[in-house]
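This briefing goes through a single protein chain, topic by topic. Please keep the sequence and the 3D view open while reading.

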Amino acid sequence: MLSKKITTADLRKLPLRELFSLTASTPQGLTTEEARERAKVFGFNEFKRVKKVSPVILFLNYFKNPLIIILIVAAFISGLTGEIRSMAIILSMIFLSIILNFYQERKSDRAAEKIASRLAIKALLWRDGREQEIAVRDIVPGDIIVLAAGDIVPADGRLISANDFFLNEASLTGESLPNEKFSESNDVIFAGTNVVSGSASYLATNTGITTEFGQIAQSLIRPEPQNAFEKGINSFGFLIVRVIVLIVAVIFLINAIMHKGLFNSFLFALAVAVGVTPELLPMIMSINMAKGAAKMAKGGVLVKRLNSIPTFGSMDILATDKTGTLTEDRITLIQHVDIFGRESEEIFLSAYVNGYFETGIKSILDEAILAHKKLDLRGYEKIEELPYDFNRKRSSIVYGYGGRMILITKGAPEEIFKICANYQDGNQVHLMTSEVLSQAKKIYDALSSQGLRVLAIAEKEIFERKKQYPLSEENTLTLKGFMAFYDPPKVDVKATLEFMKEHGVAIKILTGDSPLVTKKICADIGLEVKGIITGEDLDLNRLTDEEIYKRVKDATICARLSPSQKEKIIIELKRNGSIVGYLGDGINDAPSLKAADVGISVDNAVDIARETADIILMKKGLEELMNGVIEGRKTFGNTMKYLLMGLSSNFGNMFSMIGASLFLPFFPMTAGQILLNNFIYDASQLSIPSDNVDPEYLKKPKHWNIKFIKKYMMVFGPISSLFDFLTFYVLYSLLHLSGGAFQAGWFVESLATQTLVIYVIRTQKLPFIESSPSRYLLATTLGAVGLAIIITLNRFGSFFGFEPLPFAALISIIGMVILYLVMVELVKQRFYKHISKEEAKIKI
């Protein structure tokens with residue numbers, strides 16, 4: 001059996017029978033058992049080696065966090081100096097926090113894996129003597145793979161058979177035009193390329209990282225480009241790190257100068273760093289996104305990349321074709337006319353022959369032609385095919401019948417007009433004149449203005465039989481007539497379009513179709529057309545990026561576009577600040593799906609589109625898509641609740657620590673007490689992903705706004721500190737508490753304020769009166785505060801160094817917590833009232 005990679009040179013020069021021998025395979029392929037054994041040797045057919053990490057290793061990885069490592073070292077130093085209780089407390093809090101993180105993230109990962117398994121790309125191959133669909137990752141050397149138009153080639157190998165087989169090899173060569181491959185020429189095909197038209201079978205010889213594409217992937221391994229949400233998270237992270245380092249350093253220096261001991265001061269400062277770090281952010285995000293993905297899956301929206309969910313919610317432009325989104329995707333042929341508008345069965349016959357013999361993906365127009373009426377083509381011989389490509393926008397078939405050879409071309413009328421030198425009138429062929437061409441264009445425009453999609457048909461006689469005809473053969477054709485198709489507008493799309501408009505998502509139609517057809521469809525469904533441009537208006541070689549953006553920014557319809565023009569439009573919209581989603585399902589859509597912030601495809605799309613997309617719709621439609629957008633906004637909103645709560649309370653606590661270090665002769669809380677406080681607080685926040693989100697919040701796309709976050713921190717952080725200082729004054733100066741009793745009091749007040757403030761922060765409305773939290777959030781937050789009180793009043797509290805709280809202290813704390821929440825609510829109302837217009841759009 002094959003033990004090493006077969007070189008490309010050997011693949012080309014060795015006889016096929018020798019390749020079968022090297023791979024220990026046969027034309028009937030492998031058995032399941034043989035494939036299973038080979039998988040143990042060659043591994044999965046993946047371009048990146050992904051080792052399965054055991055749960056134990058995953059758990060231990062949590063201990064790599066620098067803060068965790070320092071805390072563990074500090075805990076053991078405490079033990080060596082006789083502080084056994086402190087060591088036990090610190091280690092207990094560390095392990096409980098890690099267990100909590102591990103459990104929740106594993107739960108989220110399993111949910112994501114379940115969805116991913118539904119989206120696995122499969123290939124058709126021979127196993128156990130019959131054709132079967134097998135997951136691409138399970139392909140091994142020696143498999144016999146069957147390919148058809150739209151497939152991604154899953155492994156390197158040698159062609160066994162090929163029928164009008166054209167490959168797009170741009171992923172390897174950069175060449176956008178498809179190349180025809182022949183089995184007789186010992187042609188080799190490579191993983192990562194995709195089939196444009198035709199069919200083939202081939203012997204897989206190299207899989208995974210031994211493929212040419214895999215070798216390139218290994219040498220150029222780089223992370224996926226960050227989407228808008230990930231960039232926002234990173235910006236926030238840098239902000240947090242700078243603030244934490246500064247304030248923690250100040251706390252350590254003050255305590256050291258106040259002669260509270262270098263080690264204890266260091267441990268206290270470190271515990272403060274742990275307490276104020278939003279370490280739950282990754283977990284909250286994971287839970288949020290896993291919950292959103294599960295809910296979206298129930299609605300027929302499958303998520304391939306979890307981080308795309310909040311970006312989905314941030315989307316403010318949806319770029320899409322009209323077919324299946326604005327229309328029913330139920331196309332019927334309703335007219336076949338000559339260039340003078342007269343019904344003609346001969347036009348239908350020509351179109352039928354062209355569509356019947358095409359081996360590429362049958363377009364919806366081809367399917368409509370073949371379904372319109374069945375014709376008997378006995379005696380017709382297909383000789384050659386010039387498949388459709390998105391530059392020519394046409395396809396041709398050379399066929400033989402009755403001793404003659406005819407080339408029939410059908411495609412976009414604008415492109416067909418360019419290659420016609422004659423026209424047909426009845427049975428007569430005449431030289432094309434400008435008057436006749438003008439008449440033909442009028443017929444075309446009249447059909448398009450009725451909302452009909454139109455193909456032009458042209459032909460010429462061929463006098464020399466060739467094995468392969470060049471594209472240049474499409475010249476001096478005779479224009480015959482037109483095929484007109486109707487795709488009815490969706491009945492319920494008006495309500496969905498209104499819903500999109502209300503929720504801040506603009507729609508741009510990027511289509512290869514006629515602008516007149518698209519405009520008529522828009523009029524039928526009530527979609528306002530602000531502007532129309534065509535591919536002719538977007539010369540990518542002549543226009544600058546700024547000029548392209550100016551032309552497309554206000555255009556609702558961008559018609560007669562090539563794939564490269566669609567991609568460029570998306571790139572320019574993104575470059576100018578828009579969050580762009582692109583919905584596509586064809587071979588030509590892959591570049592645009594990759595370029596968009598969120599690539600969206602459908603379950604029955606070609607492999608290359610499904611592989612490139614971030615999100616898969618089980619049903620192509622705007623209503624299903626917008627349900628996903630709303631889930632994305634809920635995910636974004638609940639993530640921001642956690643961040644804003646941390647900014648309003650945790651950072652206030654840091655300033656409080658500075659004040660306490662300056663004026664108190666003891667630590668306001670020990671390191672162990674701070675970690676206990678942090679653990680209870682963290683546990684209470686795990687319910688945030690279940691929280692309700694106000695309908696008003698969902699009305700507009702949500703974007704990251706670091707300027708807003710900084711301003712929020714500067715306003716609400718000091719309020720938290722103000723009430724902490726008030727607590728210090730009441731407990732220390734009025735009630736004369738110190739040591740364990742003081743620490744118990746501030747423990748309760750600190751936990752209550754930073755936990756219960758979520759009720760105020762989670763909404764811009766009046767809490768409970770106009771907007772209520774979920775029952776789960778209510779239970780966990782109230783439970784956390786109740787637990788804090790019980791710990792300080794119970795003997796168990798003495799283990800953490802607490803002393804029982806006097807009743808007067810508890811009542812005072814309750815009063816201050818209520819006063820704090822009222823104050824935050826009042827400031828919140830003024831904050832949102834006077835915030836600048838840009839920030840008032842709630843771009844968080």
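**Strand β15 and Leu-431**

Beyond its neighbours within four places in sequence, Leu-431 is in contact with Ala-421, Asn-422 and Tyr-423. Leu-431 belongs to strand β15, residues 428-431. The model described here is predicted.

**The chain as a whole**

- The chain contains 30 helices and 23 strands.
- Of its 844 residues, 57% count as buried.
- Among contacts with a separation of 6 or more, 74% are between residues 24 or more positions apart.
- The chain exposes about 36200 Å², and carbon and sulfur atoms supply 59% of that area.

**Salt bridges**

- The structure holds 40 salt bridges.
- One of them joins Asp-425 to Arg-342, with the closest N and O atoms 2.5 Å apart. This pair links distant parts of the chain, 83 residues apart: Asp-425 is in strand β14 (residues 420-425), and Arg-342 is in the loop between β10 (332-338) and α13.
- Asp-425 is partly exposed because its relative accessible area is 28%; Arg-342 is also partly exposed, at 41%.
- Lys-373 and Glu-345 form another salt bridge, with the closest N and O atoms 2.9 Å apart. Here too distant parts of the chain are linked, 28 residues apart: Lys-373 is in the loop between α14 (364-372) and β11 (381-389), and Glu-345 is in helix α13.
- Lys-373 has a relative accessible area of 34% and is therefore partly exposed; Glu-345 is partly exposed at 47%.
- Lys-466 forms a salt bridge with Glu-473, where the closest N and O atoms are 3.9 Å apart. Lys-466 is partly exposed, with a relative accessible area of 30%, whereas Glu-473 is buried, at 16%.

**Asn-354 in helix α13**

- Asn-354 is found in helix α13, which covers residues 345-357.
- Its relative accessibility is 0%, so Asn-354 counts as buried.
- Leaving out residues up to four places away in sequence, Asn-354 touches Ser-395, Ser-396, Ile-397, Ile-408, Thr-409 and Lys-410.

**Helix α20**

- Helix α20 (residues 563-575) has 13 residues, which should span 18 Å at 1.5 Å a residue; its end C-alpha atoms are 19 Å apart, in agreement with that.
- The buried residues in α20 are Pro-563, Gln-565, Lys-566, Lys-568, Ile-569, Ile-570, Glu-572 and Leu-573.
- Their cover includes strands β9 (317-320), β18 (506-510), β20 (557-559) and β21 (580-583), along with helices α19 (545-552) and α21 (590-595).
- Lys-568 and Glu-572 also take part in a network of salt bridges with Asp-545, Glu-546 and Arg-575.
- Just after α20, Gly-577 takes a positive phi of about 100°.

**Helix α25 and the aromatic pairs**

- Helix α25 (residues 706-734) has 29 residues and reaches 41 Å from its first C-alpha to its last, close to the 42 Å expected at 1.5 Å a residue. Just after α25, His-736 takes a positive phi of about 55°.
- A search of the whole structure finds 29 aromatic pairs. Among them is the edge-to-face pair of Phe-723 and Tyr-820, 5.5 Å centre to centre with 70° between the planes. This pair links distant parts of the chain, with Phe-723 in helix α25 and Tyr-820 in helix α29, 97 residues apart.
- Phe-723 is buried, with a relative accessible area of 5%, and Tyr-820 counts as buried at 1%.
- The ring centres of Phe-725 and Phe-728 are 6.1 Å apart and their planes meet at 65°, so this pair is edge-to-face. Both residues lie in helix α25, three residues apart, about one turn of the helix.
- Phe-725 counts as partly exposed because its relative accessibility is 35%, while Phe-728 is buried, at 8%.
- Phe-725 and Phe-728 belong to one aromatic cluster with Phe-666, Tyr-732, Phe-742 and Trp-746.

- Phe-807, Ile-811, Ile-814, Ile-818, Val-822 and Leu-826 make a nonpolar surface patch of about 600 Å².
- Of these, Ile-818 lies in helix α29, residues 807-834.

How values were computed: Residues are numbered from 1 along each chain as its sequence is written. This is a predicted model: local features need pLDDT of at least 70, side-chain atom pairs count only at pLDDT 80 or more; totals for chains, interfaces and linings use all residues. Side-chain values use heavy atoms; hydrogens and water are left out. Helices (H or I, at least four residues) and strands (E, at least two) are DSSP runs, numbered from the N terminus. Buried means under 20% relative accessible area, exposed over 50%, partly exposed in between (1.4 Å probe, protein chains only). Contact means heavy atoms within 4.5 Å. The expected span of a helix is 1.5 Å times one less than its number of residues. Patches are made of residues with over 30% relative accessible area and no salt bridge: like charges are joined within 9 Å, nonpolar side chains (Val, Leu, Ile, Met, Phe, Trp, Tyr) within 5 Å. Accessible areas come from the Shrake-Rupley method with a 1.4 Å probe; for residues, only the protein chains shown count as cover. A salt bridge is a side-chain nitrogen of Lys or Arg within 4 Å of a carboxyl oxygen of Asp or Glu. Rings of Phe, Tyr and Trp (its six-membered ring) pair if their centres lie within 6.5 Å; planes under 30 degrees apart count as stacked, over 60 as edge-to-face and the rest as tilted.
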